[in-house]
Amino acid sequence: MKLKMIASMLGTAAVAGTMLVSGVASAEEKVGFVYVGPVGDHGWTYRHDLGRQAVEKALGDKVKTTFVESVKEGPDSERVIRQLAADGHKIIYTTSFGFMNPTLKVAKQFPNVKFEHATGYKRGENVSTYSARFYEGRYVVGKIAGKMTKTNIIGYVGSFPIPEVIRGINAVALAAKSVNPNIQIKVTWVNTWYDPGKEGDAAKALIDQGADIILQHTDSPAPLQVAESRGVWAVGQASDMGHFAPKAQLTAIIDNWDGYYVERTKAALDGTWKSQDIWGGFKSGMVQLAPYNSAIPADVVKLAEETRAAITDGSLKPFAGPFNKQDGSEAVAAGSELDDGVLLGMDWYVEGVQGKLPK
Amino acid sequence: MNGFEWFIPVILTVITAATPLVFAGIGELVTEKSGVLNLGIEGMMIVGAVAAFITATLTGNYLLAVVVAALSGAFMAFLFGILTLSLMANQVATGLALTLFGIGLSALIGQDFVGEPVQAIAKLNIGGLSDLPVIGPILFGQDPLVYLSFLMVFLVSWFLFKTKAGLILRAVGDSHDAAHSIGYSVIGIRYAAVMFGGAMSGIGGAYLSLAYTPMWAENMTAGRGWIALALIVFATWKPGLVLVGAYMFGGITILQLHAQAAGLDIPSQILSMLPYLATIVVLVVISKDESRIRKHAPACIGKIFHPAA
């Protein structure tokens, strides 16, 4: 039962064509998803959509799912979320940081609808937040990158300078520095989540400036493709992008929302749903790694696997001290670590990251 | 070696960033010169992108892929023509609808091709020439579409200003009633111009999915159609300036990425804004000189032609 709605945004005109097709009323409950990108981005949104499909599969004819893709963050998303709520959806997942305030606003007007907002920090009676500790994956990637680089320069294609992205950059920097003290991280911000051309151009610029490993926090496989054609390494984002870059992809950080979506949708249906905040990592299965590239030497694979195991069982904390901020001042002393509150609001670089953080 | 080495990759990247804009821009220029404003460039580009990608994946024939992209773009433009030229619908609204339609349609037909990489279109390699230092890779090492984009600018310029047919097309754009009264088929000429614009947009899209980022992803034009539209005003409807504008736009985009990677202490948001800012500044500057706009802007742009009147 594939229901496709397209809410497309236009740069110049705020005209959006949203077709809302309502199903025939029956025993099935409606579950809504709001995506920031197209389901075919093969990254972030694609993984959320797999989660939606998992819900359909697990709950069968008890639910009917709807999604709206390519919804622009900000005011336009409020319209889309409200439309879903008004249309009788029982639970609505809004899957991008920028949907935070619109989600809360609509949630106030529809107290009987449950809302789940990904990667945000504001909650309400009927609004939960959920996110994954992607930085755990990035920490493992940082170890591999630190070992694999020949130029000691890691290029990082950033989307927007928000804590989520900065945390990832810092996790990579800390891990890479721990195995390679001479490492430099060069960051290029493209100020978009999704623009294959621009993401690819940013990767090219980084490679031209000496980077031989390309990491990204944007949603298309374009940077990997550039890495493949230029003969450098890269790491897939959000899903396994190996077939775009069979030689270049070292591994990929995979988001897995399937279990969470099934569990929360069930809770909404049987009335046990409560507002909560979940931040799962390796342990919960929300963050996974794609198979390692066979070109990675055995000792590096071993290091990566040990790191992953240690993070999973809690014996290794990626943001444990001592380490310094970019300006050399102490961020955390030996023996302590950053708590989740600091991590969620992270707005500074650690030592080893080049360039100034845009504010 | 000679200090210019670092510059080559920058220029190569600028060329790939500018080429889709050149195609879409030069096509829309012809459309607008005939007096039709088609805001559906983005939609025609994205349909061209998906058509080219599917054809290349299924047949492996890149020439065919580009031809199919051009035909699909022209077909989209034909739909626009039916609505605006024959049925006299509002051009602005129809153009916007065409963009929405194109984005949705391309997503639908491209569904099974998401995540399938394709070989990038082959670059030219003329023995010794392409290996020359500095100018070799820039002048003789591009893919065929880049050369085609320059050729098209030249041909359009020649056609519009050196041929009788071009004069007629401009006459239709400047005063459709006058052109009609001396016996030219305004609607027919406009159909041709609109479909040429669509074909060029389609090829611009093909460049995205076959050369720029050789893959198919929904919405991969990411607003380039709108930039192409702005370029035409920027160029005051002169083909050569469309080329200059596209390369300036591409150049600033790429340079700001390099500036960031080099750790230049400028906020990245401002750098990202630069290309758009430059466009606005130029628009303001040229708008002050009214004669410039008046001399080149088609007087009948966007106006519906009623043959009976």
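This is a predicted model: local features need pLDDT of at least 70, side-chain atom pairs count only at pLDDT 80 or more; totals for chains, interfaces and linings use all residues.
Visitor: In which sense does E10(A) pair with strand E9 of chain A, and over how many bridges?

Guide: Strand E9 (residues 213–216) of chain A and E10(A) pair in the parallel sense, over two bridges.

Visitor: How many residues of E10(A) are buried?

Guide: Strand E10 (residues 233–238) of chain A is mostly covered, with six of its six residues buried.

Visitor: At what angle does H4(A) pack with helix H5 of chain A?

Guide: The angle between H4(A) and helix H5 (residues 163–179) of chain A is about 35 degrees, and their axes are 7 Å apart. Their crossing is right-handed. Here is the general idea for reading such a contact: an α-helix has 3.6 residues a turn, so residues three or four places apart point the same way. On the H4(A) side, the contact residues include Tyr135(A), Arg138(A), Gly142(A), Ala145(A) and Gly146(A). Among those they meet in H5(A) are Arg167(A), Ala171(A), Leu174(A), Ala175(A) and Val179(A). The residues of this contact divide into 12 nonpolar, three polar and four charged.

Visitor: Is H7(A) enclosed by the rest of the structure or open, and why?

Guide: H7(A) is largely enclosed by the rest of the structure, because seven of its nine residues are buried. The buried ones are Ala222(A), Pro223(A), Leu224(A), Gln225(A), Val226(A), Ala227(A) and Glu228(A). They pack against E7, H6, E9, E10 and E11 of chain A. After H7(A) comes Gly231(A), with a positive phi near 75 degrees.

Visitor: How many residues of chain A are in contact with chain B?

Guide: A general point for the comparison of interfaces: the size of an interface is often given as the accessible area lost when the parts come together. Here we can count residues instead, and 40 residues of chain A are in contact with 41 residues of chain B. On the chain A side, strand E8 (184–189), helix H6 (196–208) and helix H7 (222–230) are the elements that give two or more residues. H6(A) provides the largest share, nine residues. The chain A side divides into 14 nonpolar, 19 polar and seven charged residues.

Visitor: Moving to chain B, how do H1(B) and H7(B) cross?

Guide: The axes of helix H1 (residues 7–33) of chain B and H7(B) come within 9 Å and cross at roughly 25 degrees. Angles under 35 degrees count as roughly parallel, so H1(B) is roughly parallel to H7(B). The crossing is left-handed. Ile15(B), Val22(B), Ile26(B) and Leu29(B) are among the H1(B) residues in the contact, and H7(B) contributes residues including Leu145(B), Ser149(B), Met152(B) and Val156(B). The contact divides into 12 nonpolar, two polar and one charged.

Visitor: Is Lys162(B) buried or exposed?

Guide: Lys162(B), found in helix H7 (residues 144–162) of chain B, is exposed, with 9 other C-beta atoms within 10 Å. Lys162(B) and Phe7(B) are 155 residues apart in sequence and 37 Å apart in space, C-alpha to C-alpha.

Visitor: How are H11(B) and H12(B) oriented to each other?

Guide: They are oblique to each other. The axes of helix H11 (residues 224–234) and helix H12 (residues 239–261) of chain B come within 9 Å and cross at roughly 130 degrees. The crossing is right-handed. Ile227(B) and Leu231(B) of H11(B) are among the contact residues, as are Val242(B) and Phe249(B) of H12(B). This contact divides into seven nonpolar, one polar and no charged residues.

How values were computed:
Residues are numbered from 1 along each chain as its sequence is written. Chains are lettered from A and ligands numbered from 1 in the order in which they are written. Two residues are in contact if their C-beta atoms, placed from the backbone, lie within 7 Å. Helices (H or I, at least four residues) and strands (E, at least two) are DSSP runs, numbered from the N terminus. Ala, Val, Leu, Ile, Met, Phe, Trp, Tyr, Cys and Pro count as nonpolar, Asp, Glu, Lys and Arg as charged, and the others, Gly among them, as polar. A residue is buried if 20 or more other C-beta atoms lie within 10 Å of its own, exposed if 12 or fewer, and partly exposed in between; C-beta atoms are placed from the backbone. Axes are lines fitted to C-alpha atoms, for helices over the stretch in contact, and angles run from 0 to 180 degrees between N-to-C directions. Angles under 35 degrees count as roughly parallel, over 145 as roughly antiparallel, 65 to 115 as roughly perpendicular and the rest as oblique. A crossing is left-handed if the near helix is turned anticlockwise from the far one by less than a right angle, and right-handed if clockwise. Two strands pair if DSSP finds at least two bridges between them.
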